[in-house]
4 protein chains.
Amino acid sequence: MSDLQRDLRIAVLGVGMMGAFHADALATRTKGARVVVVNDFAAEKAAEVAARVGARVVEDPIAAINAPEVDAVLIATPGKAHAEQVQACLAAGKPVLCEKPLTTDEESSYALVQAEAAVGRPLVQLGFMRRFDAEYAALKDLITSGGLGNPLLVHCTHRNPAVPDFFNSEFMVRDSVVHEVDVARFLLDEEITSVQVLRGVATSSAPEGTWDPMIVVFETESGRIVTDEISVRTGVAYEVRTEVVGETGSAMIGLDQSLVRTSTDGRWGGQITPGFVERFGQAYDTELQRWVAAAKQGTIDGPGVWDGYAAVAVCEAGVKAVQTGEKVAVALKAKP
Amino acid sequence: MSDLQRDLRIAVLGVGMMGAFHADALATRTKGARVVVVNDFAAEKAAEVAARVGARVVEDPIAAINAPEVDAVLIATPGKAHAEQVQACLAAGKPVLCEKPLTTDEESSYALVQAEAAVGRPLVQLGFMRRFDAEYAALKDLITSGGLGNPLLVHCTHRNPAVPDFFNSEFMVRDSVVHEVDVARFLLDEEITSVQVLRGVATSSAPEGTWDPMIVVFETESGRIVTDEISVRTGVAYEVRTEVVGETGSAMIGLDQSLVRTSTDGRWGGQITPGFVERFGQAYDTELQRWVAAAKQGTIDGPGVWDGYAAVAVCEAGVKAVQTGEKVAVALKAKP
Amino acid sequence: MSDLQRDLRIAVLGVGMMGAFHADALATRTKGARVVVVNDFAAEKAAEVAARVGARVVEDPIAAINAPEVDAVLIATPGKAHAEQVQACLAAGKPVLCEKPLTTDEESSYALVQAEAAVGRPLVQLGFMRRFDAEYAALKDLITSGGLGNPLLVHCTHRNPAVPDFFNSEFMVRDSVVHEVDVARFLLDEEITSVQVLRGVATSSAPEGTWDPMIVVFETESGRIVTDEISVRTGVAYEVRTEVVGETGSAMIGLDQSLVRTSTDGRWGGQITPGFVERFGQAYDTELQRWVAAAKQGTIDGPGVWDGYAAVAVCEAGVKAVQTGEKVAVALKAKP
Amino acid sequence: MSDLQRDLRIAVLGVGMMGAFHADALATRTKGARVVVVNDFAAEKAAEVAARVGARVVEDPIAAINAPEVDAVLIATPGKAHAEQVQACLAAGKPVLCEKPLTTDEESSYALVQAEAAVGRPLVQLGFMRRFDAEYAALKDLITSGGLGNPLLVHCTHRNPAVPDFFNSEFMVRDSVVHEVDVARFLLDEEITSVQVLRGVATSSAPEGTWDPMIVVFETESGRIVTDEISVRTGVAYEVRTEVVGETGSAMIGLDQSLVRTSTDGRWGGQITPGFVERFGQAYDTELQRWVAAAKQGTIDGPGVWDGYAAVAVCEAGVKAVQTGEKVAVALKAKP
């Protein structure tokens, strides 16, 4: 495929919350894109979304990928289905935007790194959408431009107001900390080499055996330290902050997220974004628009399969770090 | 035209800074829209933009409006051309998005109000894009929801870093204050009945005879007061703020406009948006996307011809108020 | 009296809320000062405060001023008593700190200006304590140092959460706006030449016939404009802000007044200072400490009798401006 | 000594930067206090300060403590002199305000704990002045009042713009981190049980072998985690922040420390306090005023000898943690 003039025809695999959100965005806000195929193991859900976006349902995900009218694929199925589906996209030579995680274990993730290398061009983009958030992008630009001098420390904060009980400490690492893994790699432009998890007093709303909050500490190749507070049952709102401390200054994003500043009833302040859509809606839209433009050229424009693999590897180590309380080394395989 | 399935085919009239900005947005970021005709009195500019967006040039603006492949029209020509062009759109029954001002005098603006009324459905949308800015929309919602109680006062601030010398006090009213005219009418949902201009000490960078800054004071039908500081040569950045004071609280937008908060060299803070594109880019995009969706249904979705007429009438009074320093009454004609 | 080595012995006249506050501050927090005499028309109140601060009660205010053990006088009696009491202090050659207003009419205020001139050295300090507030002082320094270029506009905001019903519009001018009169004169270092009051929609909690809020507009000798929003029944908290717009930048104080920034229950923000003590407690302490040090040298260190007279004159004009809605000129008599 | 009516007569030991600062504050801003004796190993400095505050010089520190006209003692000598001087104060039964550290090793600190216990009443107050800072006090109140629910995490940040080269990593722990040791103990009201130091990439302005910045991690008796970023060569300003994360909300102090918010030259923001005096001046004054009042009653009002001992013990462990990179346990002796 080269320099497609017409709309990119997309198959959306998995139309749960995230996939349906993407399908709607492609259908209503993404210039140059069209959803032509919808797939989900839940037939009713697939039919409903397909009707809404003007697509047809294909029941088998691999058949959906290989459907002749499909130019590119968006994967929002459960993580355990990703390995096979991404392989199929690579086999078909179709650009794919795959939600995190790339796969559910390090081996299968690395296999995809190798498979893409065999294809010879980037086809797999990972859904680390924070890279497309205007604030993270501005922070990255500030670092790159030297505005903070050499970056020395990164402090991350990720707080959810509430989560279901299955969000135990290991899940917190795989589902939430994974974002900060990519943020750290993106901002510092180097790999993470170890993970330690500081397990303190848990909030009373956490299930027995779940450490919440935790402080996760990363070290990077050059020896930089990244701290990440992960709290998922704060009862407050969706708070995501990042501060970078460099040799000549520090910079922070995400502190004040309200559209309107009010003074009422003895207090000034504003609303914290209630959820990820309010906080990162623009980032998702930008991610899709840029992916569509790149996919029309047969390539990607964003984090790739290696970023997906590295995140999986760090999170694997993170899970061990949760369980042991010790510092766990991360050893990445060779980058093709 | 009813419920158009295909892309809306648009003629863009006037591709100076604003029109070219819109043409590019329609071509690259607006789902469901296509620029098919470009018109500008500067042939070279028209050709350049047309080539970029994949449209053809039509030299005569009325011919561009009436071209059979054109579904809707975006007017970004100089204000003095608007009356005739909007009339032509109404005659052709084609939805139009017209940049401010609606026309350059009150009579011709009211004539358009009557002409649209004769057509029998809303076809003319005015480019008061602040209504589509997320902050203004949230402020309006807060007022409407009763979050501030009955609104009593509105304080507006509009500061430009620099303008050309032809930006004299009258021009400041017609080009800048006009935005606050619409903001006040939008937030308070009533008409402005008088204008007073407080003319103080001018900045040394203002040309002889130009009051800059000025404080403009509006009164509304119910007697509310709106203050507006207009400064266009501050040397600082593009600062647009609005505060509403209600019976039970106050709310402010536009104070802190930076993506990143830095601490460097003894100071904390952030960048002020340098210009209107950085500040209101999202508002323009949202305006276009919603107008396109409405135009496909043969109607508009935003401020209409009456809002354009009212703004012209208030600005006429404002210009007299600049010249006299007295309070000048605004008397609107009957709303059809 | 010259260069007093021992504690300054002070008579406090009037120990209502403000006077008792000062007496306690002198007794517990002001180095080098001692309250030796307390006077109040309410005998019980006088006795209570005198006992607390270790002073004796003197029933007649003039006798209190003239008591031989009294070095200096703090006047916090009702405004109508000030003229005679300040005259007595001048006659006795004793430094005095007089709470605003200097007197209740322009003539008697000017008489004090002349009386002090006859004495030949500054003895009368006015209680415009905002000049001693760290924020106002820093703002003044910023202006003086040229950090904003030539100041062009001043915007003031004064909001009280609630007041008794006798706080009508005239009282709002005399009791609240008087602070902004001094702030404007202090920051701009020139006199006010006219006052206009914009009377809009009143809050429903204002008594019949009271305009609340009002916008007061001052012009100064050099033609600068000062706006002042005065709202005294906001139900919110004690909010006092000032913004100065200069040729090269603007500066604001008083926006965020909280010690702790919290994120709870979906919102970030902080407490607004509930009342004037929380907001200006430091200013009162600093005012007293510096006045005591100056009084030991037989002089004052702060706004003087001319500042008191000018404020009375502007407020007289302000009251007429409230009643007429017109711009009212202020013509000060000659400065000795 | 019981309920002293006259001024408290104080000996100030050590009038380097800190001691001279205190001597001046006692002489000019602290009600009820008088400096009567000044001692310093540098005779000239002692003479200069003594002359300024109206005291006499006593050359021997122990003689200064035991001088009959001395009611109480302020110790601002180098840490290695503290043990003997505090013992002398205890022996003389005179209240003492001792700058940190209590002593330079754990054993001698604990000896003072025992010595005071033998006296039978609190006489030794430690100069952890942050407890008297209005922001820290408000944060403590917020925690105590349950406004954040059970506190789970504390995040501290301490940044200096520049320090001399002898500020190596061990010194950073003993001189700077010691403040956060007390802050954590004060806010959480429990002891620290272990220290770990994360040593990352050092700023290029740090001498060879000095880790700067460092992340220090404390665990407390109940298992809570406290993180502390300590950076002493940022080139920015004096930045001290604390955030507490509780079960129902979080709270932060120290983020925005400017008196005036400016908009100039494309940026909004304010000045960060340049040094500790600008940031904590009020805290020092309040500390002194409350200590003087307590000392007049023969006791203290603030952190005591146990707090001094605990801080020394934690910092000893911290120094080991710097050297090893391992988690080091803190085992406090019995509290009398």
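**Helix pairs in chain B, then a sheet in chain C**

Select helix H4 (residues 82-92) of chain B and helix H5 (residues 106-119) of chain B: their axes come within 10 Å and cross at roughly 0°. Because angles under 35 degrees count as roughly parallel, H4(B) is roughly parallel to H5(B). The model on screen is predicted.

Now show side chains at this contact. From H4(B), pick B:Ala83, B:Val86, B:Gln87 and B:Leu90; from H5(B), pick B:Ser108, B:Ala111, B:Leu112, B:Ala115, B:Glu116 and B:Val119. Colored by class, the contact of H4(B) with H5(B) shows 7 nonpolar, 2 polar and 1 charged residues.

Next, select helix H6 (residues 134-144) of chain B together with helix H7 (residues 169-188) of chain B. The axes of H6(B) and H7(B) come within 9 Å and cross at roughly 35°. H6(B) contributes B:Tyr136, B:Leu139, B:Lys140 and B:Ile143 to the contact, and H7(B) contributes B:Val183, B:Phe186 and B:Leu187. By class, the contact of H6(B) with H7(B) has 6 nonpolar, no polar and 1 charged residues.

Move to chain C and display its strands.

Zoom in on strand S1 (residues 8-13) and strand S2 (residues 33-39) of chain C, which run parallel and are joined by 6 bridges. Opposite C:Leu13 stands C:Asn39 in S2(C).

Definitions and conventions:
Residues are numbered from 1 along each chain as its sequence is written. Chains are lettered from A and ligands numbered from 1 in the order in which they are written. This is a predicted model: local features need pLDDT of at least 70, side-chain atom pairs count only at pLDDT 80 or more; totals for chains, interfaces and linings use all residues. Side-chain values use heavy atoms; hydrogens and water are left out. Axes are lines fitted to C-alpha atoms, for helices over the stretch in contact, and angles run from 0 to 180 degrees between N-to-C directions. Helices (H or I, at least four residues) and strands (E, at least two) are DSSP runs, numbered from the N terminus. Angles under 35 degrees count as roughly parallel, over 145 as roughly antiparallel, 65 to 115 as roughly perpendicular and the rest as oblique. Contact means heavy atoms within 4.5 Å. Ala, Val, Leu, Ile, Met, Phe, Trp, Tyr, Cys and Pro count as nonpolar, Asp, Glu, Lys and Arg as charged, and the others, Gly among them, as polar. Two strands pair if DSSP finds at least two bridges between them.
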